[in-house]
Amino acid sequence: MVVAVGGRRRARVLALRGVPAAVLPVAALAAGRVRAQEPAPGAGLTHHGYAVLDGGRVDVRLTARNHGPSAVPDAAVRLRWSVPLARRAQPLPAGCARTGGRDVMCRAGALDADGWGRDFALGVWLRGRPAEVTPAVDTVWAAGAVDRGRGNDRQRLLVPATGDTYSF
C-alpha cells in the first residue's frame, strides 16, 4: 500500500499473519508494486599508448579499450602529470580540456563491448625542462558502467627526457 504523506509517497509495509517478512518484498515484486533496480552494465576499461618527453614537451598517443562484457556509451580519461603544465595556453585536440595545473581530460568516446575507443594524440609543454615526468592515465567517467577490476584502467609511466618512446 502506498500512502501520500506531506506530498511524498511512502510505502507502508503490511504484516500478514503467517507470511515471513523476507517473502513480502518478493510478493510485492511479483505484484508489480516495487521495481527491482537493474544492475549497472559491466565494463573492463584499459588504456594503451605511449609517451615521449623531449625538451620540456611531452607527447602522448592514447586509445581506450573496453574488454566488456557491456558496451559503454561514452567514456572520459584523465591524464595527470607529475610536473605542472606550462602556464601558457596550449592547443589540445578536440574533446580534450585542461582541468587543472597538472590535468588534461579527454573524451574517449563510445566503446563497444570488446571494442576500441577513438585514438587521440596530444602534446603539452611542461613547466621548466624536467629530466623526467610520470603521466598517470585514469578513467574518470564511463557513463554509468561499472568496472569491477579498476586496477587495469589506471596507468603510471616513468618517461625520462631522452626523446625515446615509452609504452603503456
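Visitor: Why is arginine 80 called partly exposed?
Guide: Arginine 80 has a relative accessibility of 37%, and because buried means under 20% relative accessible area and exposed over 50%, with partly exposed in between (1.4 Å probe, protein chains only), arginine 80 counts as partly exposed. This is a predicted model, in which local features need pLDDT of at least 70 and side-chain atom pairs count only at pLDDT 80 or more, while totals for chains, interfaces and linings use all residues. Residues are numbered from 1 along each chain as its sequence is written, and side-chain values use heavy atoms, with hydrogens and water left out.

Visitor: What makes the contact of arginine 80 and aspartate 103 a salt bridge?
Guide: A salt bridge is a side-chain nitrogen of Lys or Arg within 4 Å of a carboxyl oxygen of Asp or Glu; the side chains of arginine 80 and aspartate 103 meet at 2.8 Å, N to O, and so form one. Arginine 80 is in strand β5 and aspartate 103 in strand β7, 23 residues apart.

Visitor: Why is aspartate 103 called buried?
Guide: Its relative accessible area is 10%, so aspartate 103 is buried.

Visitor: How do you know that β5 and β7 pair?
Guide: Strands (E, at least two residues; helices are H or I, at least four) are DSSP runs, numbered from the N terminus, and two strands pair if DSSP finds at least two bridges between them. Strand β5 (residues 76–80) and strand β7 (residues 103–107) have five bridges, in the antiparallel sense, with valine 77 opposite cysteine 106.
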